[in-house]
Amino acid sequence: MKNATPHPQGAAQGAGQSRLTLRAIIPLLRNAQQLSGGKWKASCPVPTHGRGRGDVNPSLELWEQDGRLRLKCHAGCDSRMVYRELARLAGHSRTQQPEPRGGSEEPEGLTLQQFGEARRLDVEQLRRWGVSDALYNGRPAVRFNYWDTDGQLRAVQYRLALEGSERFKWRRGGRPRLYGEWRLGEWQAQGAATLWAVEGVSDALTLWHAGLAAIGFPSASSGSLAREFWSHAAQFERIHLAFDGDLAGEQLLQAVARECPPELRERAFVVRLPAPHKDPSELWFSLNTDADAFRAEIQKLGNSATPLIDFPSFRVSETRSLLRPLGEIIASRGIGELEFLDLLGAGNLLVRGCTTLIASHPKAGKTTFLVHACRQWLQEGLKVVYLTEETGVIWRERARKFPELENLYLNEVGHASPEAWTEAVREMTPDVCVIDVVRRFLNLYDESDAAEVSRALRCFTDLTRELPRLALVALHHTRKGATIREASVLDATGSHAFVGEVDAVLLLLPTEHPRQRVLAPVAGRLWHATPPPLCFELSEDGTEYTCLGEAEPVARETEERVGKQQVVYALAQLGESTAADLAEWLQQNEGAKYTKQWTQVLLNALVRGGRAIREGTGKRGDAYRYRLPDDDSETQKLGKPIKEVSEFSSFRNGDADFEQQLQLLQQGELGIDADEAEQLRLVWREASARGFPAMWLGDQFVPRGRVGWLEALPLIAAAAEQALLLLREQPPPPPPTPRQQPLFGT
């Protein structure tokens, strides 16, 4: 592994001090996970990691080699700082610190045997390729000969150490060249169709061990050799650029891409290795130096590589050949008409070949909305991939209720690089890919950093160029205060790159009705095909989600319907009342902020429909009085609305929604029994008294707020006794002040 630092470099200082070992340090680290080859991955302990937010996605890699602890933070933390924190955790305050890079101490030397063992390469085979032991200024060194295509020795490079900035030296009079030029004729004679370009001699030698044709750029700063490389690469049918997955490797890739001749652009491809492998040597280690397995894996990566002309970093000095008339581009690529995917009855929101961002408040129901959309797509025979942050327990309960979800492709792990996620999706070639939520799968340290967000998100948005029939749906959060009337792209949290990189932005917003949501398009590249805000409603039993039509008329209709039901309910309680008294009663008992004028409008509508009776003259001293009809048949007609009003009020002020979820948990052969249901009711009452706090049940997280607890009920039901004990340890919160009234969903 390049740039990995061995620690410590010698015996500890002082009596009684011992060097750090992997076995001693692993139990002290967060999120420690064993990898192949004896390596471990854990969260970096440096306090400043992630700009002080900590290492959320474990990036510290540790292993032992030659009896020494070795480490590397892939996020770029200084190895000396990492080592100091490890020493502090282990209580080794006087353990020797590593020598700073660029220090005065010279490398002690390196033998070919040591190099071969460290890189897990066959020493005898290395000798046959001209690698040998040598001396450099009296110190042992490994010698690499750089012959040209005619076999003439043009340069010699020495390696004096496995790590450190001073590990490489060039023989005086030689200049950097491409490593492996003299083997080009050999590969041509063998009929090799693909040439690999890698960064460093070690990676080239690794690919040679697997029988692959590879040319090595001596270092990341050797982009000046790009023209020479392309002159050799012209002899091959396919060129794979597999440079290191770091900033230096990205810069080398750009330098090589700029010099790519027009006639070779269609033959060149960029290969990205799956995390956590930064280069081919790390992939070689992970496969235990199995040449056949390594060759199969890296050829698989090459076959699915990104064409250089489609790669985001591609830049060329000659642009004239890249510009063509639009008509020719459409004809050559076979670009057809817009192809929409139906979204729960809305036929002009999601477009194949485009990326759509759907944002909403946390716990506002976007996952429920997309789960029902996935059900529809699966029933239509489409292939759907869903990258989820939720646990298998939640998805198991969903699949029990909706068996068609068993055909949904989910991620088995929670953390990987954006490149790894996109590679997995690319292999599946789905019709739809849902990312829930998108920032979870971008490995971001700062979601307000536009450059960082753009770089990570582009990995996903580029998928729609490679898979032109893919509809990519990314779920995201909105800021506080997003409303239907003032919805805009500024409501999305984090950097504007979240909305700048996608093709369309939709906001999923709550309404006064607990089962209705408004989907409002706020930005897009296809405005001629964009509808006005639409209203969707979830059925009472939670089995169907349908589009009711444009949001504004539906909202007016819903507001009037619910208002009538509340007024009828109030009349049933009061017997007879004026409009002013009804408005006051509704505000005090139902929390409905109805003015006298709006209550009067609703009463007039009820009177016209024969659902209420008006008495009095309406003059001063004889205000109109309203009551329900005395006829039994009329009362029966009003029974259903009264029931609906009761359930609607309970959703806002009671537990009807909880009881509905509880009934679902009791269904089926594996449902909970009556005693378990009663225990869950007790847990719910305790949680309600304490404001539904956030808490951990084992390794599962229950979010804060009423909606979060509702969604986590299947998890809570499996550990109700533990949840009850945890709740009773927490004191009930003080009553809220007027300015602390809970927001929607809490």
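Select strands S26, S28 and S27 of this predicted model. They form an open sheet of 3 strands in the order S26-S28-S27, with antiparallel pairing. Strands here are DSSP runs of E of at least two residues, and helices are runs of H or I of at least four, both numbered from the N terminus; two strands pair if DSSP finds at least two bridges between them. Strands of a sheet pair through backbone hydrogen bonds.

Colour S26 (576–577) and S27 (613–615) next. Each stands at an edge with a single partner strand, so one side of each has no neighbour in the sheet. S27 is joined to S28 (residues 625–627) by 3 bridges, and the two run antiparallel.

Move to helix H22, residues 656–666, and show Asp657, Phe658, Leu662 and Leu665, which are buried. These residues cover an arc of only 140° around the axis, which puts them on the same side of H22. The arc uses the directions from the helix axis to the C-beta atoms. Buried means under 20% relative accessible area, exposed over 50%, and partly exposed in between, with a 1.4 Å probe and protein chains only.

Go on to helix H15 (residues 450–461) and select Thr461. Thr461 is buried, at 8% relative accessibility. Leaving aside residues up to four places away in sequence, Thr461 touches Thr355, Leu472 and Glu501, where contact means heavy atoms within 4.5 Å.

Cys433 is in no disulfide, and the nearest cysteine sulfur, that of Cys374, is 9.7 Å away. Cys433 is buried at 0% relative accessible area, and Cys44 is buried at 3% relative accessibility.

Zoom out to the whole chain. It has 26 helices and 30 strands, and buried residues make up 49% of its 746 residues.

Residues are numbered from 1 along each chain as its sequence is written, and side-chain values use heavy atoms, without hydrogens and water. Local features need pLDDT of at least 70 and side-chain atom pairs count only at pLDDT 80 or more, while totals for chains, interfaces and linings use all residues.

Key. Disulfide = S-S within 2.5 Å.
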